[in-house]
Amino acid sequence: MTSARIPRADEDARVVVVGASLAGLRGAESLRLAGHRGPLTIVGDEPHLPYDRPPLSKHVIAGEMAPDATTLPHRLDLDAAWRLGAGAAGLDRQARTIVLLDGERLPYDRLLIATGARARPWHDEAEGTLEGVFTLRGRDDAAALRAALAAAPKRVLIVGGGFIGCEVASVCRDLGLPVTLVDPLPAPLAKVLGLAVSGFLRDWIAAAGVEVRSNTGLRSLDGRDGRVVGATLDDGSTIAADVVVVALGAVPNTGWLEGSGLALESGALVCDGHARVRAQDDGLHPEIRAAGDVALWPHPLYDGRMVRLEHWGNAVAQGEYAGRALALGDGDRPAFAGMPEFWSNQFGVTIKLAGLTEGADSLAVVQGSLKDKRFLAVYGRAGRTVAALSVDCARWLPAYAEAIAAKAPFPPIANALDQPSRLGTLDPSWPTPPPEVSARG
Amino acid sequence: MADPTLFAQIKDPANRADPYPLYARLRGHPVLRQDDDSYLVSSHAAIRALLFDPRISSADLPPAHSPATGNPFKDWILRPIKDEIVTRHRPLIFRDPPDHDALRRIVMTQFTPERVHGMKARTQSLVDELLDRRRGGDAICVVEDLAYPLPVTVICEMLGVPPEDEPTFQGWATQLATALEPDARHDEETQKQTRTTFDAISAYMKDLIKEKRARPVDDMLSGLAAETPAGRMGDFDLIATAILLLVAGHETTVNLIANGMLTLLRHPDELERLRRDPERAPRLIEECLRYEPPVHFRTRKALCDIPVAGTVIPEGAAVALLFAAANRDPDRFTDPDRFDPDRADNQHFGFGGSLHYCLGAPLARIEAEIALVTLARRLKAPRLLDDPPPYRDGASLRGPKTLRVAIDGLV
């Protein structure tokens, strides 16, 4: 469809980037690197210049790094007008105008939407806003949580066994704080890694002194005089805690787009494989691209399955892809096919995952061993390799990522260094989704 | 069809002074099969991919009944000299994970930044003492007067080898390093000598380790002989590690210093800039490591079929990674044949890469920096007397045998 393509941007084309985090910054940078010299405006709802999020749940809350030390380096002079501290309130796609919360109207010729995601709040607002209850997404969240952890709380309760929950639990143990982690699944990280692997992680986490309460949801967060004092579990038992971290994942920041006529699915902005934003009437807006945590897009490596990735690397690669497309036009640019990859540092190990584990039907540990806490495992689906997980041996991951990109048979590499003597295939063992519990939105 | 004898030409001493045109031809076929079914890998991208590929082994243990093939390169992988070194006392450069990683972690508990940086002042005074011996002369040999004696003294002191034993050590180290060259291993006389040397150095180390255990002091051998935070080494591993550190610690650094000085003498403007601004040294050393690396290639073995750069290296094949060729790859480096210490993007393979990345790199950098800065500062009007200088035999551990420089005296 030729109408879905855009030509190279006119020299004076006005570009607006909504979202001043990693994807927006990399989009703006690549727009300039691609040679676009026209007016550029970057809109951010926080007062901060773009900053790096991975350290927030690690070094920053541990007190090893000041929150403002996370500011991302300026790799080039963007020559941009920054609108920080007043986010976007709406989009008028007919008039090609962004309306900011403070009423300012920003006309655009080309638009990059990179508004990211926010922490999913606790479902009960009164409970979620008790003093001592935290979510962790932005720099200010991290600064507040750091202050709370530094005040030597008697017990930290973490709600949710995803990556953020586990990283916070790990930092708390490093700080010597008593921690309870409550999660509706049978083991932390089970949703992404499967029980075959996460069952081991659960043991390590417990061995580090975290009280892990699996298979249970939370009925309520309990407060007294406006301060949290603990929580009540689904089984009616209670846990006393003076700091509660709600780590239930993130939701896309698209509230400002309601009524814009753009297609949203579960809150995410629906795009095609070229990061073009889709309208509700199914037409494409090639002059509007989306990148990062906000976008839902078909991944060519996974048969066009719609994915929304909250990964640092995806924000970089997709931001750059969208920025180049806005500056240079589409031409014959192939669809975006960035390899999904993320990492996590917790409990003394570095976990890295390449590819998507979702729907995997087989698992093999191809290097190292689970019991040594140093291994490489691959996930297969219908005979093909779809993901690779490394725990403390990330050196080898690129070779497996290449196999995933090549849609190699499962397992992709037999006879590797440090291979277990018997290469058995396991069931990744996906947890059945827990019954709808209050802790899960 | 690419020349299937390129590796033979690279190993030919006649091409030692300037192998770079051969490397350029080789890069035209970044993964090239040789007549003996071994593979030469010469592009930066292909070497990088293989260094991080879990199907590549450094252990290359010989099969149970390996016949002598009469082919030097194949024998490099298969022959008994390797049995001697590899099987009986495999040092960690010839080992794979998980053993390699466990050994390396133990070594790293002793090869600490504190211990390495603690050698700075001593290295400076050693360099000055060595140069002072040539005071009053009108020429020096950079190799014999400095580049050779410096690293062996430094590594002996770090390990805790008594100074009176150092001369013996120098002889052993040279002999063992020679044995690491492909063609030398084919020569029976060399093999015999290597075996003798190996037995001698092993016996010596065994006694020394016993001594360190009985009376531990603050040196690396005492540390390695004891329980470390990363575990305890077995006696054979300990001996092998000590020998490796000794040999690697000076058969490579000598080349870094000598090749570096040779390059500076060929680029007098850079020598002068270094004299005026010693702060340039770190970047200059990195460029020396790219431009004239101390180790030109290392060998590995394919554990299974490995697709790389459009070729499939078959299971069991010997693979030579030509680091020095990759360091001049125009697809990776702008103007690769130009010596340019100011280049911004310099991810060379001068210290190898991945899990076997040179663990002595920080020490080598310090030694080379102090040696080159001091040579630049102290040699008055240095002029290269032989260009090219005579080279040592090694094609892999490549460097000048002598590097004679005329001077108007010492500062």
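Which strands of chain B form an open sheet of 3 strands, and in what order? The order is β4-β10-β9, with antiparallel pairing. This is a predicted model, in which local features need pLDDT of at least 70, side-chain atom pairs count only at pLDDT 80 or more, and totals for chains, interfaces and linings use all residues. Residues are numbered from 1 along each chain as its sequence is written, and side-chain values use heavy atoms, without hydrogens and water.

**Sheet in chain B**
- Strands (DSSP E runs of at least two residues, numbered from the N terminus) pair if DSSP finds at least two bridges between them.
- β4 (139–141) and β9 (383–384) of chain B stand at the edges with a single partner strand each, so one side of each has no neighbour in the sheet.
- β4(B) is joined by 3 bridges to the antiparallel strand β10 (residues 404–406) of chain B, where B:Ala139 stands opposite B:Ala406.

**Nonpolar cores**
- A nonpolar core is a set of buried (under 20% relative accessible area, 1.4 Å probe, protein chains only) Ala, Val, Leu, Ile, Met, Phe, Trp, Tyr and Cys residues joined through side-chain atoms within 4.5 Å.
- The largest core has 98 residues, of which A:Ile98, A:Ile113 and A:Tyr379 touch the most other members.
- Helix α5 (residues 163–174) of chain A, a DSSP run (H or I) of at least four residues, supplies the largest share of this core, 6 residues.
- Another core, apart from it, has 88 residues, including B:Leu126 and B:Met233.

Technical notes. Chains lettered and ligands numbered in written order. Buried < 20%, exposed > 50% of the residue type's maximum accessible area, 1.4 Å probe, protein only.
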